[in-house]
Amino acid sequence: MLLEVRDLHVEFRTRDGVAKAVNGVNYSVDAGETLAVLGESGSGKSVTAQTVMGILDMPPGRITAGEILFQGKDLLKLKEEERRKIRGAEMAMIFQDALSSLNPVLSVGDQLGEMFTVHRGMSKKDARAKAVELMDHVRIPAAKERVKQYPHQFSGGMRQRIMIAMALALEPALIIADEPTTALDVTVQAQVMDLLAELQREYNMGLILITHDLGVVADVADRIAVMYAGRIVESAPVHDIYKAPAHPYTRGLLDSIPRLDQKGQELYAIKGLPPSLMHIPKGCAFHPRCPMAQDVCRTDEPPLYEVTPSDGERGSACHFWRECLHG
Amino acid sequence: MPEQPDDDGAIAATGMGGAMDLATSEGETLEKTRGGPEGAGPQEKPRSLWSDAWRDLRRNPVFIISGLIILFLVFISLWPSAIASGSPLKCDLAKAQQGSQPGHPFGFNGQGCDVYTRTVYGARTSVTVGVCATLGVALLGSVLGGLAGFFGGASDSVLSRITDIFFAIPVVLGGLVLLSVVTNNSIWPVIGFMVLLGWPQISRIARGSVITVKQNDFVQAARALGASNSRMLLRHIAPNAVAPVIVVATIALGTYIALEATLSYLGVGLKPPSVSWGIDISAASPYIRNAPHALLWPSGALAITVLAFIMLGDAVRDALDPKLR
């Protein structure tokens, strides 16, 4: 296994109390595999990713329990300096908004080249040549001329390509993409996603794709992990989930995708709001919003039940996963 | 499908066929973008923040006027003898308070010194004090403020309280108390005093600016790609946070020149035989009815100098942060 997150707990201490952002997350990614992490804002998907990268702001963040095994090493036991060397070289991250993720006062060539000068000790000239090569690789036209330009001179899709190029520069084993296409036009979204998927195959990287867009996921992901209130509520191979979800929350997410054949009808929405992370409901965190909730859901927190039959490993944190699967 | 406002024509055209056939058309597009001139993208010149700001400045009349005045001031500070042949310390009591006469366009002051020569030589003191105090303040303030803003936590709280304490000291009163015990008759105690009282202003600005920039995604992104603290601070945060510091420092330069004159006027700044506008204003003020010219010229020079630096600061601010306009 390339990356294994085990029983990770992260909380934020704020003036108003403790916000439990991540409450026992388990997931794993293999080389060449794409794991999509789905969930609403505040479900803990980004915090988990930041913890894996080691860029969580601490304080106020605090890792209270868990292990992050990356290529067999527990990252949480490493010193900051060792972790820094892993970042960028062994694992890299792509952010949502490429305009704000690029430094406005440095040319894109300088920023791309920096990956090589900092991590590989290359000369500025060699790094510049590598930057052009990378820009070519992510299909930025006229890379040689544009390498001297500044981020604001590129379109949204081009900027995201540059971010991807920076993340891929040192050919890391793992890439975490935090909503890489959310800020882009729909047509450009597909191109960027295709590019990312293609490069992933080329380098045989593990990819964690954080998103709330189920449409993006279906094409590229191998596995899906659905997060709710800091926990994984369903984890399954991608086809299983689209065929029949085994958790009412996943079902709600799938039902709220707009579809052409529903034109004119009201769009389904999961009722209620995600819980405050300071007051996560007892029992199953989803029970106040769940159409299938029973008394047991209000008192007992469901473990991750193994769901069968399945193409691979499948789990659902719902007492009534059978009913959900067949209902 | 409507034409998409994307500046990369060929890539945008990929989307024209709809999302479905993207995978197939991607390859063809690639050929086209690599080979054809239509995929070459706009051949804009690279435009950095600084080159943009410089372009704005060159077109701003306020900048041109204040810049010319300041250039002139710097020139006469470096080579005062180029436009004033006499010595500012050569005085002839017989000519005291006389008005303008050939060779002495501004007349003579109460001690019979040539007002023109003294006004020209006074610029050197003012510019030196202003520039040195500003450099000291900017350096000390931005380093302390920047570090506090970047690392936060306890050091930040301590620094913020210290700046609060310094803010509570009235500048003129503080100058009267502190400088009256100094016997050294050079410009350095005055500069030191200004740095001592001035750095909290810049430190507060630098701290706020660093905190704002620190929250930007690109700092997080740099961290995620393995940048060290010093690299993030120096290469990613500092260049983006320096603009407000430059603006405030430029405006402050004018006020330091005025402060030097004030302190010298009060007798705790520079003392004769130093040549300073403040000293001359102080010496001439009792005789304002008999010899107004001796007061007018150094006061006028002081006012124009201070105004020029404040105008320059305004112009720089407009260029560096158009949102504030």
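**View 1. The span of chain A that a UniProt record annotates, in a predicted model.** Residues 5-254 of chain A are 41% helix and 27% strand, and the end C-alpha atoms of this span lie 26 Å apart; helices (H or I, at least four residues) and strands (E, at least two) are DSSP runs, numbered from the N terminus. The annotation covering residues 5-254 of chain A comes from an unreviewed UniProt entry and reads "domain: ABC transporter"; UniProt positions are given in the numbering used here, feature names are shortened, and annotations may be inferred rather than shown by experiment. This is a predicted model, in which local features need pLDDT of at least 70 and side-chain atom pairs count only at pLDDT 80 or more, whereas totals for chains, interfaces and linings use all residues. Residues are numbered from 1 along each chain as its sequence is written, chains are lettered from A and ligands numbered from 1 in the order in which they are written, and side-chain values use heavy atoms, with hydrogens and water left out.

**View 2. Helix α1 of chain A and the residue that follows.** Helix α1(A) spans residues 45-53 and is mostly covered, with eight of its nine residues buried, that is, under 20% relative accessible area, where exposed means over 50% and partly exposed lies in between (1.4 Å probe, protein chains only). The buried residues of α1(A) are K45(A), V47(A), T48(A), A49(A), Q50(A), T51(A), V52(A) and M53(A). Just after α1(A), G54(A) adopts a positive phi of about 80°.

**View 3. The surroundings of H247(A).** The loop that holds H247(A) runs between α10 (238-243) and α11 (248-255) of chain A. H247(A) counts as buried because its relative accessibility is 1%. Apart from neighbours within four places in sequence, H247(A) is in contact with V233(A), E234(A), F286(A), S316(A), A317(A), C318(A) and C324(A), contact meaning heavy atoms within 4.5 Å.

**View 4. The annotated span of chain B.** An unreviewed UniProt entry carries the annotation "domain: ABC transmembrane type-1" for residues 123-313 of chain B. Across residues 123-313 of chain B, the chain is 81% helix and 0% strand, with the end C-alpha atoms 19 Å apart.

**View 5. Chain A as the setting for the close-ups.** Chain A has 13 helices and 12 strands. Of the 327 residues of chain A, 57% count as buried, and among contacts between residues at least 6 apart in sequence, 63% join residues at least 24 apart. The C-alpha atoms of chain A fill a box of roughly 65 × 50 × 40 Å, taken along the principal axes.
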